Amino acid sequence: MAGARTARTLTEDGDPIAARGKRSVREALLHHFVEKIVSGEMAEGSTLPNEAELTERFGVSRTSLREAMQYLSALGLVRSRTRAGTTVLPRENWNYLDPLVLDVLLSIGTDENFYMSLIDARQLLEPAAAAHAAANATARQLYQISKAFEDMVEANSRDNEAWSRADLEFHTAIIDASGNWVYRQFASAIRAALLASFRLTNRASQSHEQAILKHQDVLEAIRMRRPEAARHAMEQLIGVARSEITDALRKVRV
């Protein structure tokens with residue numbers, strides 16, 4: 001019976017939540033719970049129904065349900081205790097950078113705290129990375145930074161997605177050229193979040209020409225091996241990004 005169950009469409013009280021062939025039962029169940037929690041439909045501090053009720057509601061095996069709950073626990077979304085049951089944890093415990101959590105977060109709306117926290121982190125890290133890149137970048141790494149900049153110029157405002165991806169490559173190439181493995185790991189972890197923020201700011205940008213000039217300032221300082229100039233130029237660039245994020249979030253609220 002368990003095998004037959006997993007072959008059918010996964011439902012909640014008869015309503016489909018995953019079509020056969022698109023996601024496994026565990027994946028569909030996990031995505032469903034993440035969406036309910038991140039959206040606030042399952043509120044922080046609330047307790048999920050017990051295991052028997054959930055297996056009945058979704059028509060899944062206990063094994064599939066337990067695997068999904070273990071993953072939710074690893075993401076910091078829930079905590080399961082023998083007598084207390086499974087409780088939704090406060091947001092400060094959530095792993096926002098997990099691809100599934102991030103995907104759901106961005107699909108249901110614009111979280112102001114998420115974007116402002118990200119820009120705060122970038123303000124601390126990227127100017128230092130730019131200074132290190134100016135001092136340490138190899139010829140190959142300089143080429144990668146230059147190539148990303150050229151791709152931004154080519155895309156300009158004609159293709160927002162191409163622009164955003166080139167913007168991402170520009171910043172990650174600089175972080176890679178810093179030679180600092182901690183910076184590199186951080187950039188890898190937040191890559192999807194960075195792309196989301198670039199899409200937001202690039203849509204809101206009042207002047208792509210100004211953005212090009214700010215990026216060019218960073219590039220030239222790195223090319224000329226001027227660490228402090230590179231640091232300052234990156235601080236200026238992220239300052240513009242902060243202003244654009246603030247404007248974009250304000251427009252979303254309105």
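The model is predicted, so local features need pLDDT of at least 70 and side-chain atom pairs count only at pLDDT 80 or more, while totals for chains, interfaces and linings use all residues. Residues are numbered from 1 along each chain as its sequence is written, and side-chain values use heavy atoms, with hydrogens and water left out.

Start with the whole chain. The protein chain has 12 helices and four strands. These are DSSP runs numbered from the N terminus (helices: H or I, at least four residues; strands: E, at least two). Of the 254 residues in the protein chain, 43% are buried. Buried means under 20% relative accessible area, exposed means over 50%, and partly exposed lies in between (1.4 Å probe, protein chains only). Now take contacts, that is, heavy atoms within 4.5 Å. Among those in the protein chain between residues at least 6 apart in sequence, 70% join residues at least 24 apart.

Next comes the interior. In soluble globular proteins, nonpolar side chains tend to be buried together. A nonpolar core here is a set of buried Ala, Val, Leu, Ile, Met, Phe, Trp, Tyr and Cys residues joined through side-chain atoms within 4.5 Å. The largest such core has 69 residues. Phe 33, Val 34, Leu 77, Phe 170, Ile 174 and Ile 222 have the most contacts inside it. Helix H12 (residues 227-253) supplies the largest share of this core, with nine residues. Back in the 69-residue core, look at Leu 77. Not counting residues up to four places away in sequence, Leu 77 touches Val 34, Ile 37, Leu 72, Thr 87, Val 88, Leu 89, Trp 94 and Val 101.

Now the helix pairs. Two packed helices are described by the angle between their axes and the distance between the axes. Axes are lines fitted to C-alpha atoms, for helices over the stretch in contact, and angles run from 0 to 180 degrees between N-to-C directions. Helix H7 (residues 139-155) and helix H8 (residues 160-177) have axes that come within 8 Å and cross at roughly 165°. H7 and H8 are therefore roughly antiparallel to each other. The angle classes are: under 35 degrees roughly parallel, over 145 roughly antiparallel, 65 to 115 roughly perpendicular, and the rest oblique. H7 passes H8 in a left-handed crossing. A crossing is left-handed if the near helix is turned anticlockwise from the far one by less than a right angle, and right-handed if clockwise. The H7 side of the contact includes Ile 145, Phe 149 and Met 152, and the H8 side includes Trp 163, Phe 170 and Ile 174. By class, this contact of H7 with H8 has 12 nonpolar, two polar and four charged residues. Ala, Val, Leu, Ile, Met, Phe, Trp, Tyr, Cys and Pro count as nonpolar, Asp, Glu, Lys and Arg as charged, and the others, Gly among them, as polar.

H7 also packs on H11. Their axes come within 11 Å and cross at roughly 165°. H7 and H11 are therefore roughly antiparallel to each other. This crossing of H7 past H11 is left-handed. Leu 142, Ile 145, Ser 146, Phe 149, Met 152 and Val 153 in H7 meet Ile 212, His 215, Gln 216, Leu 219, Ile 222 and Arg 223 in H11. The contact divides into eight nonpolar, three polar and one charged.

H8 has a further partner in H6. The axes of H6 and H8 come within 7 Å and cross at roughly 60°. H6 and H8 are therefore oblique to each other. H6 passes H8 in a left-handed crossing. Among the residues that meet are Leu 125 and Ala 129 in H6, and His 171 and Ile 174 in H8. This contact has seven nonpolar, three polar and two charged residues.

Gln 123 is found in helix H6 (residues 112-136). It is partly exposed, with a relative accessible area of 25%. Leaving aside neighbours within four places in sequence, Gln 123 is in contact with Glu 235, Ile 238, Gly 239 and Arg 242. The C-alpha atoms of Gln 123 and Gly 239 are separated by 8.0 Å, though 116 residues apart along the chain. Arg 225 lies in the loop between helix H11 (208-223) and H12. Arg 225 is not a glycine, yet has a positive phi of about 60°. Ala 43 lies in the loop between helix H2 (25-38) and helix H3 (51-58). At 38% relative accessibility, Ala 43 counts as partly exposed.
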